[in-house]
Amino acid sequence: MNDSEYMALALAEAQKGVGRTSPNPPVGCVIVRDGEVVGRGFHPKAGEAHAEVFALREAGERARGATAYVTLEPCSHFGRTPPCADALIAAGVARVVVAAGDPNPQVNGRGLQKLRAAGITVETGVLETEAEAQQAGFRSLVTRGRPHVVYKYAMTLDGKVAALNEGNGPVSGPEARARVMAWRNECDAIAVGARTALLDDPQLNVRGLEGGRDPRPVLFDPEGHVPPTARAIREGTVLVLREGRAAPLEGDPRVTVLRAHSLPHALEQLAGLGISTLLLEGGPTLASAFFEAGLIDELRVFVAPKLLGAGLSPLLSPVRSMHAAQGLAVRSVDVLGNDVLIVADGRWQ
Ligand code: AOF
Ligand code: ZN
């Protein structure tokens, strides 16, 4: 196995923590000695030990002279836990391979420096893109003070998310729905607008996934229309109101009320609650507001082989000419059952 293959194992370790670690990143580590994996670990939760600590614990004496593969630069600071760089040095690791640097100002290259100063061979950038995507929420919190925002929708082959008339069933098939449940399990919060909360009354929970946990519902309800009986209201629900507004849900012990004068202001406050990844499931009205504010970081789009003719578009804000259209970078294209899943980066081109 080569470095990339071992790093893929470390990314798979990290994956076990995705959606559980905020505001910390999901991180994975494998320790390899003479071609054999002798230790594995992942960061399970903020406040608990880091990935390297679990992997070193498993490896024990076999870590001496071994190579450690870590998906994030090992930390150099005393946070809730002591520095991982020190732990790797103390264990006698000979080589450390890192996927992505840690943008946390308390680390930011110092972890790598510390390792090199101790005579350890350090290599970086192995599966960096994959690691950065996995850590997108954490990186967004640290560098921008707001969550990573993903707009997810399913549309027909002619680009419609719903028919104009009544009787709208699901656009995509069961495989797509299962994937959405996996995403809900991995994100910190799901956002919907008041319209969706009232009309569709979604539960916004994880169903049919063993070991799944529900994300926090975030209801963008500027005027305070959502009633206490909405199914998305549960322990931990966040209600975002316009400044100066009152809501029937005020004082409901299940709900955290935020007041915002703009979407960026709302996102800043969600970051303050430790929300690092936000999945937009609210439909075109809410998504258009995010789009107009330049706040969509990633698109996950199911394209179903169906035609509707006229219908509702996934975004409502018109761009005047093809020249002015937002270009996106496609990250992946997959076939799921009868549907095509396109993931695109909001890194406008
Ligand atoms: C690592 N390995 O598994 C993680 C790292 O408060 P603490 O001690 O948990 O430190 C949190 C910071 O440590 C976090 O902001 C990030 O910079 C880094 N996370 N580092 O070496 C890990 N989770
Ligand atoms: Zn650490």
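**Close-up views of a predicted model**

**View 1. The surroundings of ligand 1.** In this predicted model, ligand 1 is surrounded by 18 residues, of which Val27, His50, Gly79, Arg80 and Asn104 are the closest. Sorted by class, this shell consists of nine nonpolar, six polar and three charged residues.

**View 2. The five-stranded open sheet.** Five strands make up an open sheet in the order S2-S1-S3-S4-S5, and their pairing is mixed. Strand S2 (36-42) and strand S5 (121-123) form the edges, each pairing on one side only, and from one strand to the next the twist averages 15°. Strands of a sheet pair through backbone hydrogen bonds, in either the parallel or the antiparallel sense. Both senses can be followed here: strand S3 (residues 67-72) and strand S4 (residues 95-100) are parallel partners over five bridges, with Leu72 standing opposite Ala100 in S4, whereas S1 and S2 run antiparallel and are joined by six bridges.

View 3. S1 and S2 form a hairpin in which two residues lie between the strands, and Asp34, in the turn, has a positive phi of about 50°. Within this antiparallel pair, Val32 stands opposite Val37 in S2. Helix H1 (residues 3-15) lies across strand S1 (28-33) as well as S2, S3 and S4, and runs at about 140° to S1.

**View 4. The nonpolar cores.** The largest nonpolar core contains 54 residues, and those with the most contacts inside it are Val218, Leu219, Leu278 and Leu280. Strand S6 (residues 148-156) provides the largest share of this core, namely six residues. Apart from this core lies another, of 40 residues, including Cys84, Val96, Val97 and Leu127.

**View 5. Ser288 and its contacts.** Ser288 is placed in helix H10 (residues 284-292), and it counts as partly exposed because it has 19 C-beta neighbours inside 10 Å, whereas a residue is classed as buried if 20 or more other C-beta atoms lie within that distance. Leaving aside neighbours within four places in sequence, Ser288 is in contact with Leu315, Leu316 and Ser317. Ser288 and Pro318, although 30 residues apart in sequence, have C-alpha atoms that are 9.6 Å apart in space.

Notes: Residues are numbered from 1 along each chain as its sequence is written. Chains are lettered from A and ligands numbered from 1 in the order in which they are written. This is a predicted model: local features need pLDDT of at least 70, side-chain atom pairs count only at pLDDT 80 or more; totals for chains, interfaces and linings use all residues. A residue is near a molecule or strand if its C-beta atom, placed from the backbone, lies within 6 Å of it. Ala, Val, Leu, Ile, Met, Phe, Trp, Tyr, Cys and Pro count as nonpolar, Asp, Glu, Lys and Arg as charged, and the others, Gly among them, as polar. A nonpolar core is a set of buried Ala, Val, Leu, Ile, Met, Phe, Trp, Tyr and Cys residues joined through C-beta atoms within 7 Å. A residue is buried if 20 or more other C-beta atoms lie within 10 Å of its own, exposed if 12 or fewer, and partly exposed in between; C-beta atoms are placed from the backbone. Helices (H or I, at least four residues) and strands (E, at least two) are DSSP runs, numbered from the N terminus. Two strands pair if DSSP finds at least two bridges between them. Axes are lines fitted to C-alpha atoms, for helices over the stretch in contact, and angles run from 0 to 180 degrees between N-to-C directions. Two residues are in contact if their C-beta atoms, placed from the backbone, lie within 7 Å.
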